[in-house]
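Let's take a walk through this model together, one packing arrangement at a time. Have the structure open beside you and turn it as you read.

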Amino acid sequence: MKKRKTGRLTRILVALLVCMQISVLLPESADAFSDQIIQKGATGDDVVELQSRLQYIGFYHDTIDGVYGWGTYWSVKKYQEEFGLDVDGLVGPKMKHMLEKSTDFDKEFVHRMLKEGRKFTHYGGMPLDKQKGKKPGTGKPGREETARKPSEPAPAQPSPEAPAPETPAPGEAAPEPGEQPEAPADETAPAPEGTPEAAPAPDEGAPEEDIPDETPEEDAAPGDDEADIQEAINTPEGFTDNDIQIMAQAVYGEARGEPYTGQVAVAAVILNRIESPTFPNDPAGVIFEPRAFTAVADGQINLDPDDTARRAVLDAINGQDPSGDALYYFNPDTATSGWIWSRPQIKRIGKHIFCE
Amino acid sequence: MIRSVLIALLVVAVLGTGYWGYLEHQEKNAVLIQAENNYQRAFHELSYDLDHLHDELGSALAMNSRERLSPSLTDVWRITSEAQSDLGQLPMSLMPFSKTEEFLHKIGDFSYRNAVRDLDQEPLSEEEYEQLKTLYSQSGEIQDEMRKVQGMVINDNLKWMDVELAMAAQDNPGDNAIINGFEIIDEKAGHFSETDFGPDSGHITKTDEEIAERVEGLEEIDEQEAVDIAGEFLDRDKDFEVEVDTTGDGLAYKAYSLTIEDPDDGHDIYMDITKKGGKPLWLLEDRQIETADISLYDASEKAGKFLEKNGFESMALVDSKQYENTGVFNFAHMQNDVRVYSDAVVVEVALDNGDIIGYEGFSYIANHEKEKPVNQSLTREEARDRLNPALEVMEHHLAVIENELEEEVLCHEFFGTIDDDTYRIFINAENGREERVEKMDRAEPVYDFD
């Protein structure tokens with residue numbers, strides 16, 4: 001009985017050890033794609049991984065930004081064509097599996113670069129610290145550099161750094177089954193089954209030692225990286241995020257507290273005016289036209305808009321128009337102009353009457 | 001002693017207040033003068049533009065060869081756009097001046113159309129020349145009136161601030177000289193706009209008129225039927241709370257506006273359904289979506305199923321985008337492998353539970369019944385040869401789009417790249433004209449200043 005117990009205990013221990021072993025051996029499994037099918041237009045971590053992995057084998061040369069845009073779309077299609085998958089731009093389990101096997105994804109590095117807002121690349125067979133750009137926005141990059149340098153421990157700069165080929169040939173990166181177990185224990189090291197021309201194994205020690213040393217203070221909070229990063233965002237064709245923000249401010253100033261459709265309708269009126277020949281042709285021109293909006297006249301446009309106002313603007317830009325092509329609206333309780341009453345009315349939403 | 005100290009203090013206080021008040025007053029005056037100066041600048045620039053417009057139209061007329069008109073007409077187009085921008089800076093939005101603005105737009109449209117077309121191949125027709133003459137004399141009249149107003153403003157030192165005050169006060173804004181002057185101009189322009197500018201004069205057919213035309217003759221439904229249609233459309237039980245409203249006279253078609261309380265979570269769903277034919281025009285659910293639990297792909301499948309269930313036949317997903325936790329999908333009707341972009345439907349899906357939270361089918365309803373152009377005289381290769389050789393073609397489709405004249409045309413649609421940028425180019429399949437060239441937007445980096 002007792003023996004059995006210890007037997008069980010050792011078995012559990014062994015199992016635990018094996019588990020740990022596996023988690024050390026296969027760190028990628030934790031970082032790998034979630035099981036969604038990635039489609040053009042998607043944003044988030046999976047797209048970051050997709051772009052990084054495609055870049056690793058030289059299929060993707062654009063910025064890694066977490067938005068599945070046109071650049072990524074063409075890369076995916078090129079990959080699918082090259083390896084005989086269905087060329088549909090959808091990244092399904094098969095393609096993800098192939099990518100996982102043939103490429104390496106240094107999640108920690110990529111996400112830290114994104115967080116710091118640096119320019120960076122993720123080509124395979126090239127030390128990652130060479131692919132890292134400057135931190136933006138600080139205005140004094142020199143001081144940043146020197147400030148960080150002293151904190152770097154001595155082994156940070158190993159000498160044998162053979163220059164890696166800058167552009168790995170995509171054709172060489174064909175996934176070869178059965179090589180997965182060879183993945184090294186350290187997740188930061190590029191997988192050896194990369195391109196044959198890529199830097200040989202000994203050199204790959206360089207990036208793996210460099211990365212954690214570069215900014216040790218970051219290591220303390222790896223949990224932050226788990227949140228969906230969105231370093232770039234989708235914007236509707238023809239509008240920038242700043243346009244949307246200005247419009248959201250106008251909508252918030254004019255129609256906060258109104259029902260949601262009322263807010264979408266106000267945003268739609270702004271867009272209808274942009275389209276109309278008798279009004280200015282851009283969001284700021286319409287919004288800041290003298291006496292056009294009371295929220296502009298009394299300064300309420302400078303309030304911080306809430307998410308609802310922003311959502312309303314996006315809905316309106318995407319084509320929604322609850323106002324029914326209205327060009328004007330007014331609050332019948334406070335309207336000072338008699339002329340506005342003469343316009344043909346379309347409908348009333350909340351406190352506002354929308355008219356042609 | 002104490003008394004005199006108090007008096008001294010009071011005197012200081014009064015003087016101080018007076019001085020502070022004086023400074024405030026000066027500051028306020030400075031701000032007012034600056035605002036007034038901005039208005040004056042816009043106003044005088046506007047009259048300068050109108051002067052200039054008249055002259056430029058005149059020199060276009062005087063040009064000997066109709067083939068060399070392009071520079072002159074381009075200038076006309078530029079001036080109209082400047083005049084429109086100056087108008088946008090004046091406090092005119094509550095003043096009836098829209099006819100003048102429309103007139104300017106028409107001149108701009110006319111000159112643009114004729115400036116960009118190849119006048120060597122296709123010189124101005126007799127009729128267009130007449131139109132140019134008419135525009136010249138009409139702009140002359142507007143110029144005269146504008147000069148009168150300008151003279152008045154200069155002579156009498158009229159202030160635009162007073163115009164603003166007069167309009168805000170609302171008790172007979174007609175008393176103001178500037179307002180009067182502009183009203184006269186607008187009346188004149190109103191008569192002009194009846195002038196015929198030819199068939200392609202940029203008459204904007206509004207979507208509501210098209211929809212009204214489509215549903216004309218269909219059977220009218222009552223409120224209860226509208227509610228039933230909504231329930232079916234949303235795939236919800238019929239015992240939800242609903243408020244029904246009707247739209248006013250401003251729209252060419254009549255519609256029911258429904259406000260539905262979602263029985264599942266209490267959020268409001270808004271929807272418009274046409275009275276005739278009971279066609280759902282749009283749908284919106286007011287809900288902030290906090291998480292993205294399903295993938296964009298799954299959401300697009302749901303959007304597709306939603307359309308199928310509601311009788312939209314052979315719709316194909318042509319674009320999808322994720323905005324935080326919402327998926328927005330653009331569908332186009334497929335007719336024998338041709339993407340009909342003018343029959344478009346937008347569906348929004350919440351990425352937390354996959355519910356449909358938005359639908360918009362204005363252009364589908366307006367255009368779907370129309371007969372589509374099928375004439376294809378250019379093959380894909382012939383169209384391909386008309387593209388910029390620097391463009392690397394990545395994708396090709398046949399597509400029907402609405403061109404600038406709002407006609408539906410059959411096109412070869414090419415997606416291609418030049419360096420890292422993606423372009424979409426429509427080549428008319430009948431005459432090979434480059435109907436539209438679009439640079440597709442790239443994802444925008446987040447500027448975080450916190």
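Two strands are said to pair if DSSP finds at least two bridges between them. With that in mind, look at chain B of this predicted model: strand S7 (residues 338-350) of chain B and strand S9 (residues 392-402) of chain B pair in the parallel sense, over 3 bridges. Within that pairing, B:Val340 stands opposite B:Val400 of S9(B).

**Strands and domains of chain B**

S9(B) has another partner to look at. It pairs in the antiparallel sense with strand S10 (residues 408-418) of chain B, over 10 bridges. For a landmark, find B:Leu398, whose bridge partner in S10(B) is B:His412. The hairpin of S9(B) and S10(B) has 5 residues between the strands, and B:Glu406 there takes a positive phi near 60°.

Now zoom out. How is chain B divided? Its domains are domain 1 (20-192), domain 2 (211-367) and domain 3 (380-439). The C-alpha centres of domain 2 and domain 3 of chain B lie 30 Å apart. Their contact takes 6 residues from domain 2 of chain B and 8 residues from domain 3 of chain B. On the domain 2 side of that contact, the residues divide into 3 nonpolar, 1 polar and 2 charged.

**Helix pairs in both chains**

| Helix pair | Axes come within | Crossing angle, roughly |
|---|---|---|
| H10 (residues 260-275) and H13 (residues 307-317), chain A | 8 Å | 55° |
| H9 (residues 241-255) and H13, chain A | 8 Å | 115° |
| H3 (residues 98-116) and H4 (residues 126-155), chain B | 11 Å | 145° |

Start with H10(A) and H13(A), whose axes cross at roughly 55°. That angle makes H10(A) oblique to H13(A). H10(A) passes H13(A) in a right-handed crossing. From H10(A), the contact draws on A:Tyr260, A:Gln263, A:Val264, A:Ala267, A:Ala268 and A:Leu271, while H13(A) brings A:Thr308, A:Ala309, A:Ala312, A:Val313, A:Asp315, A:Ala316 and A:Ile317. Sorted by class, the contact of H10(A) with H13(A) has 10 nonpolar, 2 polar and 1 charged residues.

H13(A) also meets H9(A), and H9(A) passes H13(A) in a right-handed crossing. Here A:Ile244, A:Met247, A:Ala248, A:Val251 and A:Tyr252 of H9(A) meet A:Ala309, A:Arg310, A:Ala312, A:Val313 and A:Leu314 of H13(A). What classes of residue make up the contact of H9(A) with H13(A)? There are 9 nonpolar, no polar and 1 charged.

Over in chain B, H3(B) passes H4(B) in a left-handed crossing. B:Ile107, B:Phe110 and B:Asn114 of H3(B) meet B:Glu128, B:Gln131, B:Leu135 and B:Ser139 of H4(B). By class, the contact of H3(B) with H4(B) has 3 nonpolar, 3 polar and 1 charged residues.

**A sheet in chain A**

Chain A holds an open sheet of 3 strands in the order S2-S4-S3, with antiparallel pairing. Which strands form its edges? They are strand S2 (328-330) and strand S3 (345-349) of chain A, each pairing on one side only. From one strand to the next, the twist averages 25°.

S3(A) and strand S4 (residues 352-355) of chain A pair in the antiparallel sense over 4 bridges. In S4(A), the bridge partner of A:Gln345 is A:Cys355.

**Where the chains meet**

Finally, turn to the place where the two chains touch. There, 54 residues of chain B are in contact with 56 residues of chain A. Which element gives the most to the side of chain B that touches chain A? Strand S5 (residues 315-323) of chain B does, with 5 residues. That side of chain B has 19 nonpolar, 20 polar and 15 charged residues.

The chains also share strand pairing. Strand S1 (residues 232-233) of chain A and strand S13 (residues 444-445) of chain B pair in the antiparallel sense over 2 bridges. To find the spot, look for A:Ala232, whose bridge partner in S13(B) is B:Pro445.

Definitions and conventions
Residues numbered from 1 in each chain as written. Chains lettered and ligands numbered in written order. Predicted model: local features only at pLDDT ≥ 70, side-chain atom pairs only at ≥ 80, totals over all residues. Axes fitted to C-alpha atoms, helices over the stretch in contact; angles between N-to-C directions. Parallel < 35°, antiparallel > 145°, perpendicular 65-115°, else oblique. Left-handed = near helix turned anticlockwise from the far one by under 90°. Contact = placed C-beta atoms within 7 Å. Nonpolar A, V, L, I, M, F, W, Y, C, P; charged D, E, K, R; others polar. Domains from an automatic or database assignment.
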